[in-house]
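Good morning, and thank you for coming. Please keep the structure in view as I speak.

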Amino acid sequence: MQVAFMSQHFNSGVFSGTETIRYRYVLMPDDRLAAGLNHWLGEMGFEAPPVLVKNSLCIAIAGFEATSRLEDTLSRWTQRICSQAGTFNLELNNFSAEPPNTIFLRIQDINPIRSLIGNLRKLDMYLTGNGQDPIQPAARYFLPVCERVPAKSFENLAYRLGRAEFHLKVAMQSMVLQKLVRGKWENVQRFSFSHSPVMQRD
């Protein structure tokens, strides 16, 4: 079963412990990234509105479905995996657009993400042993920076940002387990990596 990641595509209710819940893992970049992006956009002549960088930038990397009774054990095992995996940088490389209203940054080298997902595969036996499907990697990896851009602004903004040169190596500080509740992703737990490399601009 494929698990999708954009919250507006799903509805979800209140859980009693037996219902299947949609979960996802997201990477959390260096906290300074949003401020750095807004500064760069200002230097490039983009006014604050209509470009609104999300306050909480994240990269969805994988998802799965499970009942809430599995949540505590999955969280403990995920913390162990993250503490042993170590930190890494991702290189963000230029903007792209996804109609109708999302602007995102491409990720140049996804091998660090693949390595992390390989470690998360250790959870598959527990999931399948409890009647759930294995973890599903995201179909592609990218960093959304502007969502729900007004239709009248989207085409021009996508064109201008698509022509801009942007390169940044950014530290992944932590990973968060989220679950879908009433159509919105809510944080379950944040898992820290062992240390944080420094964000670098080319």
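Predicted model: local features only at pLDDT ≥ 70, side-chain atom pairs only at ≥ 80, totals over all residues.

Let us begin with D124, which is buried, with a relative accessible area of 13%. Here, buried means under 20% relative accessible area, exposed means over 50%, and partly exposed lies in between, computed with a 1.4 Å probe on protein chains only. R121, at 33% relative accessibility, counts as partly exposed. The side chains of these two residues, D124 and R121, meet in a salt bridge, with 3.0 Å from N to O. By salt bridge I mean a side-chain nitrogen of Lys or Arg within 4 Å of a carboxyl oxygen of Asp or Glu.

Residues are numbered from 1 along each chain as its sequence is written, and side-chain values use heavy atoms, with hydrogens and water left out.

How many salt bridges does the rule give? The count comes to five. One of them joins E65 and R22, at 2.9 Å from N to O. E65 lies in strand β2 (residues 59-67) and R22 in strand β1 (residues 20-29), so this pair ties together parts that are 43 residues apart in sequence. Helices (H or I, at least four residues) and strands (E, at least two) are DSSP runs, numbered from the N terminus. E65 is buried, with a relative accessible area of 15%, whereas R22 is partly exposed at 25%.

Another salt bridge brings together the side chains of K179 and E71, at 3.5 Å from N to O. This pair links distant parts of the chain, with K179 in strand β7 (residues 167-181) and E71 in helix α2 (residues 71-85), 108 residues apart. Are these two residues buried or exposed? Both K179 and E71 are buried; for K179, the relative accessible area is 19%. Leaving aside neighbours within four places in sequence, K179 is in contact with residues including I21, R22, Y23 and W185. Contact means heavy atoms within 4.5 Å.

Next, please look at Q178, which also has its place in strand β7. Q178 counts as buried, at 7% relative accessibility. With which side chains does the side chain of Q178 make polar contacts? One is that of R24, at 2.7 Å, and another is that of N187, at 2.9 Å. A polar contact is a pair of N or O atoms within 3.5 Å; within protein, one must be able to donate a hydrogen and the other to accept it, and residues adjacent in sequence count only if both atoms are side-chain atoms. The C-alpha atoms of Q178 and V26 are separated by 7.6 Å, although the two residues are 152 apart along the chain.

A nonpolar core is a set of buried Ala, Val, Leu, Ile, Met, Phe, Trp, Tyr and Cys residues joined through side-chain atoms within 4.5 Å. The largest one has 54 residues, and L27, I61 and I103 touch the most other members. Apart from this core lies another, of five residues, among them V26, M28, C58 and A60.
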